[in-house]
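I'm opening my notebook on a new structure today. I want to see how its parts meet.

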Amino acid sequence: MAHRLQIRLLTWDVKDTLLKLHHSMGEEYASTAQAHGLEAEAPVLEQAFRQVFRAQSRNVPNYGLSHGLTTRQWWQDVVLQTFHLAGVRDAQAVAPIADQLYKSFISPGTWQLLEGAQDTLQECRKRGLRQAVISNFDHRLEEVLVGLGLREHFDFVLTSEASGWCKPDPRIFHKALQLAHVEPAVVAHIGDSYHHDYKGARAVGMHSFLVVGPGPLDPVVKDSVPQEHILPSLPHLLPALDRLEASLTGL
């Protein structure tokens, strides 16, 4: 009789895997600015934010942890630079907007669960699967998950800020394995990023599934990820786990 190697732990990405913003970053920035008497166009702010966030993440990675910054300081700098790039040069006027934005992203009202998130997490728990989070996020994630009623599903929440490493760095995955006291062969990771989640988890020997949504597949994903590892939506996870476990037993 074949030895049955069962999946014992699921690790989850969070943003754009289990939940997403109600509004785009540009819209959030524009509406908060308007509440403080400043006018800026959401599309312009969205484009500026993307540019600033990429540069800030590259130059001062992981929320400034290695540069002696607090998370709040890191994000305040992102907001100030975003508005400056969008044409709002009054840093003194933008400072209270940055403070409000930092607080608002903790609020459950800023986020919405993706379809099937709560039910899928509950069903996985009913199956006896342990669950945890591995996320490129700061310490506010704990409050976000509590506010949305998701924190109870997870044994632990490991953020890049807490670990000191961002996905796809193997050290953040190894830290999660250490916290859970399991080997990678009995773990499956679920996330929406081919590079950070799917490839990052597989590089340390974990199984992984890629949440892609209903749209057309990216050509790189289509060519590189087996169909059985692709989840068009979260309710596809449980059947995919069944197929994975069947393959592990050789049945």
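Predicted model: local features only at pLDDT ≥ 70, side-chain atom pairs only at ≥ 80, totals over all residues.

How many salt bridges does the rule find across the interface of domain 1 and domain 2? I looked, and the count came back as 0.

**Getting my bearings.** I checked how the protein is divided, and there are two entries: domain 1 takes in 9-18 + 114-248, and domain 2 covers 22-109. I then looked up the spacing, and the centres of the two domains, over C-alpha atoms, sit 27 Å apart.

**Who touches whom.** I found 14 residues on the domain 1 side in contact with 9 residues of domain 2.

**Area.** The size of an interface is often given as the accessible area lost when the parts come together, and that is what I looked up next. Here domain 1 and domain 2 bury about 1,000 Å² between them, with 57% of it on carbon and sulfur atoms. On the domain 1 side, I noted Asp138, Arg140 and Glu161 as the residues that lose the most area to domain 2; together they make up 48% of what that side buries.

**Polar pairs.** Back to the salt-bridge count of 0. I also searched for polar contacts, and the rule gives 7 residue pairs across this interface, both partners at pLDDT 80 or more.

**Elements.** Which elements give two or more residues to the domain 1 side that touches domain 2? I found helix 6 (141-147) and helix 7 (160-163). Helix 6 gives the most, with 3 residues. By class, I count 5 nonpolar, 5 polar and 4 charged residues on that side of domain 1.

Notes:
Residues numbered from 1 in each chain as written. Heavy atoms only, no water. Domains from an automatic or database assignment. Contact = heavy atoms within 4.5 Å. Buried area = accessible area lost by both parts, 1.4 Å probe. Salt bridge = Lys/Arg side-chain N within 4 Å of Asp/Glu carboxyl O. Polar contact = N/O pair within 3.5 Å; in protein donor to acceptor, adjacent residues only side chain to side chain. Helix = DSSP H or I, 4+ residues; strand = E, 2+ residues; numbered from the N terminus. Nonpolar A, V, L, I, M, F, W, Y, C, P; charged D, E, K, R; others polar.
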